[in-house]
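Morning, everyone. Let me put the model on the screen and walk through it.

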Amino acid sequence: MGGDKIRKDKRQKREDYRAAIRKEGVSELPRKKFYRQRAHANPFSDHQLIYPPHPDQMDWSSLYPDYVVDEPQEQQTPGPETPSDLDLAPLRPKRISKEVEVADIGCGFGGLLVALGPLMPDTLVLGLEIRVQVTQFVEDRIKALRVQDQEAKLYRNVGVLRANTMKFLPNFFRKGQLSKIFICFPDPHFKARKHKQRIVSTTLNSEYAYVLRPGGVVYTITDVPDLHEWMVQHFEAHPSFERVPEEEQEADTLVNVMRTETEEGKKVERNKGQKHVALFRRLEDPAW
């Protein structure tokens with residue numbers, strides 16, 4: 001009984017804290033201890049996620065409110081009187097002036113996201129995370145940073161979305177929409193029977209090729225040598241990708257940001273571990 005009460009009190013404290021910090025205008029950065037969750041989530045489970053049936057039906061306005069385009073309200077025309085017909089009519093999402101161009105898949109607690117925001121002020125950057133509490137942490141972090149940097153209007157171009165990219169990536173992005181994809185310290189899934197859960201595979205690489213424009217780049221980093229070799233092997237074997245030469249890789253300023261700004265990267269640094277980096281460029285489609 002005592003243990004149940006302690007767990008209930010802790011849960012209530014977490015809920016009260018998150019409710020307080022999510023109020024409008026709060027500039028206090030969230031604390032991770034109130035958003036703790038298991039490190040891994042099964043991508044094959046039904047997580048009751050909400051996703052658009054088509055990228056054109058995705059409403060980005062709540063993630064990037066500063067980019068919403070004010071459109072004159074269209075004149076209403078008499079529609080069908082039956083409620084069922086009205087319910088089936090597709091909703092038209094609010095339009096934004098830019099498209100998301102950069103995706104951080106499995107963004108974790110958002111270290112890379114908030115680093116990329118000021119570095120790419122004219123580009124919309126999106127973090128994709130499957131865990132509920134972690135996604136809420138990043139939402140609250142972005143909200144607080146926007147309040148703190150209200151005058152400079154920083155972090156308006158950064159957003160986070162709870163999503164399972166292994167299932168629904170093409171539901172959010174059109175063909176050739178993205179210029180960069182980051183895959184930072186993904187779950188290694190060491191056991192052979194779990195390799196099918198790895199975020200890099202022959203099938204998933206085809207989806208990355210679909211949403212990336214020719215010349216776009218996939219950035220990968222891990223501290224697990226076996227996983228690094230796996231990712232290199234699968235991307236090099238894919239006809240839509242080529243590996244970026246090391247000299248060009250090290251000249252890319254975003255590579256250093258990827259090495260140093262993610263939470264996992266900082267942990268590896270503290271433990272004096274090694275980080276393995278590989279970049280892959282999306283090739284032009286062959287002429288048919």
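Start with the contacts. Of those in the protein chain with a separation of 6 or more, 80% are between residues 24 or more positions apart. Contact here means heavy atoms within 4.5 Å.

A word on conventions. This is a predicted model, where local features need pLDDT of at least 70, side-chain atom pairs count only at pLDDT 80 or more, and totals for chains, interfaces and linings use all residues. Residues are numbered from 1 along each chain as its sequence is written, and side-chain values use heavy atoms, with hydrogens and water left out.

Now the overall layout. The protein chain has ten helices and seven strands. Those are DSSP runs, numbered from the N terminus: helices are H or I with at least four residues, strands are E with at least two. Of the 288 residues in the protein chain, 45% are buried. Buried means under 20% relative accessible area, exposed means over 50%, and partly exposed is in between, with a 1.4 Å probe and protein chains only.

Next, the annotated positions. UniProt, in an unreviewed entry, puts "active site" at Asp187. UniProt positions are given in the numbering used here, feature names are shortened, and annotations may be inferred rather than shown by experiment. Where is Asp187? In the loop between strand S4 (178-184) and helix H6 (202-211). Asp187 is partly exposed, because its relative accessible area is 25%. Its side chain reaches the backbone nitrogen of His189 at 3.1 Å. That is a polar contact: a pair of N or O atoms within 3.5 Å; within protein, one must be able to donate a hydrogen and the other to accept it, and residues adjacent in sequence count only if both atoms are side-chain atoms.

Stay in that loop. His189 is in the loop between S4 and H6. With a relative accessible area of 12%, His189 is buried. Its phi is positive, about 45°, although His189 is not a glycine. Phe185 is in the loop between S4 and H6 too. Phe185 also has a positive phi, near 50°, and is a residue other than glycine. Phe185 counts as buried, at 11% relative accessibility.

Phe185 leads us to Thr222. Leaving aside neighbours within four places in sequence, Thr222 contacts Phe185, Leu227, His228, Met231, Gln274, Lys275 and His276. Thr222 belongs to strand S5 (residues 212-222). Is Thr222 buried or exposed? Buried, because its relative accessibility is 0%. The Thr222 side chain reaches the backbone nitrogen of Val224 at 3.1 Å.

Back to the record. Under "binding site", again an unreviewed entry, UniProt lists residues including Gly106, Glu129, Ile130, Asn164 and Glu263. Ile130 is in the loop between strand S2 (124-129) and H4. It counts as buried at 15%. Asn164 is in the loop between strand S3 (158-162) and H5. Asn164 is buried as well, at 3%.

Now Cys107. It lies in the loop between strand S1 (100-105) and helix H3 (111-119), and counts as buried at 6% relative accessibility. Not counting residues up to four places away in sequence, Cys107 touches Leu113, Gly127, Leu128, Glu129 and Val160. Its C-alpha is 9.6 Å from that of Glu263, 156 residues apart along the chain.

H4 (residues 132-148) has 17 residues and reaches 25 Å from first C-alpha to last, close to the 24 Å expected at 1.5 Å a residue. The expected span is 1.5 Å times one less than the number of residues. Among the buried residues of H4 are Val134, Phe137, Asp140, Arg141 and Leu145.

Last, the rings. Phe, Tyr and Trp rings (Trp by its six-membered ring) pair if their centres lie within 6.5 Å; planes under 30 degrees apart count as stacked, over 60 as edge-to-face, the rest as tilted. The count comes to eight aromatic pairs. Trp60 and Phe173 are stacked, at 6.2 Å centre to centre and 20° between the planes. These two are 113 residues apart, and the pair links distant parts of the chain. Both Trp60 and Phe173 are buried. Tyr208 and Phe235 are stacked too, because their ring centres are 6.5 Å apart and their planes at 25°. Tyr208, Phe235, Phe241 and Phe280 form one aromatic cluster.
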